[in-house]
Amino acid sequence: MIYKLLAVNIDGTLLQSNGRLTKATKEAIAYVQSKGVAVVLVTSRNIKACKKVATVWKNSPMVVAVNGGYVGQSIDKPMFVKRISEQATDDLVSFLENINCQFTLNFEDKHVANRVDLPENFLGKAVMYINEQKLFSQLFVDSVSEYIQMNASTPLSIDILFASQSDKQNAVKEMNRLFMDLSIMDKENNRLLITPPGVNKWGGLKYLADYYQISKNEIVAIGDDDSDLEMIVNAGVGVAMGNAEEEIKRRANWVARTNDDEGVAYTVREVFRKQYQLDFLEKMNLLR
């Protein structure tokens with residue numbers, strides 16, 4: 001089989017646990033690009049949060065960000081954008097401002113977060129998460145409701161951080177009852193990610209593949225998170241990282257090494273090692 005597209009999740013897959021991109025991984029992705037294969041970075045994060053990763057390579061990879069809510073030919077060239085609706089944003093922000101949490105509205109070029117009077121250890125986690133990428137403006141406001149009314153803007157996603165697991169569970173129960181037009185994703189460290197309904201990583205990846213007339217059998221997808229499962233299952237070759245949950249590894253075609261043991265670098269070189277450059281295969285009439 002000839003593969004034309006490589007999709008790689010960022011956190012827990014492309015990056016090590018310490019958030020670093022190794023030289024071997026960087027070179028392996030460049031090796032795949034040299035064969036004419038399209039590379040797509042896939043993430044639940046904001047667009048700007050993955051910009052530093054995308055611009056590492058001379059040929060900047062395509063991007064499926066915000067869990068599929070932003071699809072681009074590059075980090076600065078959107079092809080598809082889906083936002084949380086104005087009404088849903090207003091209603092959810094009003095709800096969040098009345099419970100015990102830190103929440104952040106994610107836009108293309110900035111974060112807007114509420115100021116909260118909470119324990120120091122909780123705030124430390126919140127600030128650490130918000131400031132993990134210093135590539136965009138970060139605004140802390142007394143009233144997020146007033147901000148969105150004055151600026152008439154709708155976010156791509158909303159991150160919510162709770163002080164405890166029980167606080168998160170109680171909030172999810174109420175949100176499922178009140179907000180039918182939102183997608184609520186459970187994340188690690190007492191976090192939730194809110195996105196528009198119907199967006200997901202596989203949907204964003206499929207949008208790109210269809211645009212470039214690439215079939216799903218010609219896709220290699222690598223991931224480690226529950227949100228990666230659909231693309232792993234639907235791709236021609238679905239690869240689960242060694243650090244993924246057992247259910248994800250069970251349903252994958254291939255289980256790689258962990259992200260701290262050069263899992264991506266080793267896997268992509270093995271998968272693409274015997275594949276000729278796509279330009280050569282096209283000249284030889286070996287492509288469909």
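Which residue of S13 is the bridge partner of Ala-221? Gly-238 is, and the views below build up the sheet around that pair. This is a predicted model, in which local features need pLDDT of at least 70, side-chain atom pairs count only at pLDDT 80 or more, and totals for chains, interfaces and linings use all residues. Residues are numbered from 1 along each chain as its sequence is written, and side-chain values use heavy atoms, with hydrogens and water left out.

**View 1. The whole chain, to get your bearings.** The protein chain holds 12 helices and 14 strands; these are DSSP runs numbered from the N terminus, with helices (H or I) of at least four residues and strands (E) of at least two. Of its 288 residues, 51% count as buried, where buried means under 20% relative accessible area, exposed over 50%, and partly exposed in between (1.4 Å probe, protein chains only). Among contacts with a separation of 6 or more, 63% are between residues 24 or more positions apart; a contact means heavy atoms within 4.5 Å.

**View 2. The open sheet of eight strands.** Follow the order S5-S4-S3-S2-S1-S12-S13-S14, and you will find mixed pairing. Two strands pair if DSSP finds at least two bridges between them. Strand S5 (77-81) and strand S14 (254-255) are the edges, each pairing on one side only. Strand S12 (residues 219-223) and strand S13 (residues 237-240) run parallel and share four bridges.

View 3. S1 runs parallel to S2, joined by five bridges, with Ala-38 of S2 as the bridge partner of Leu-5. S1 also pairs with S12 in the parallel sense over four bridges, and there Val-8 has Ile-222 as its bridge partner.

**View 4. Two helices against the strands.** Helix H8 (residues 201-211) lies across strand S1 (5-9), strand S2 (38-42), strand S3 (62-65), strand S4 (70-74), S5 and S12, and runs at about 150 degrees to S3. Helix H11 (residues 263-272) packs on the sheet too, touching S1, S12, S13 and S14, with its direction at about 165 degrees to that of S12. For these angles, axes are lines fitted to C-alpha atoms (for helices, over the stretch in contact), and values run from 0 to 180 degrees between N-to-C directions.

**View 5. Two loop residues with positive phi.** Gln-213 sits in the loop between H8 and S12 and has a positive phi of about 55 degrees although it is not a glycine. Gln-213 is exposed, with a relative accessible area of 64%. In the loop between S14 and H11 you will find Glu-262, whose phi is also positive, near 60 degrees, in a residue other than glycine. Glu-262 is partly exposed, at a relative accessible area of 25%.
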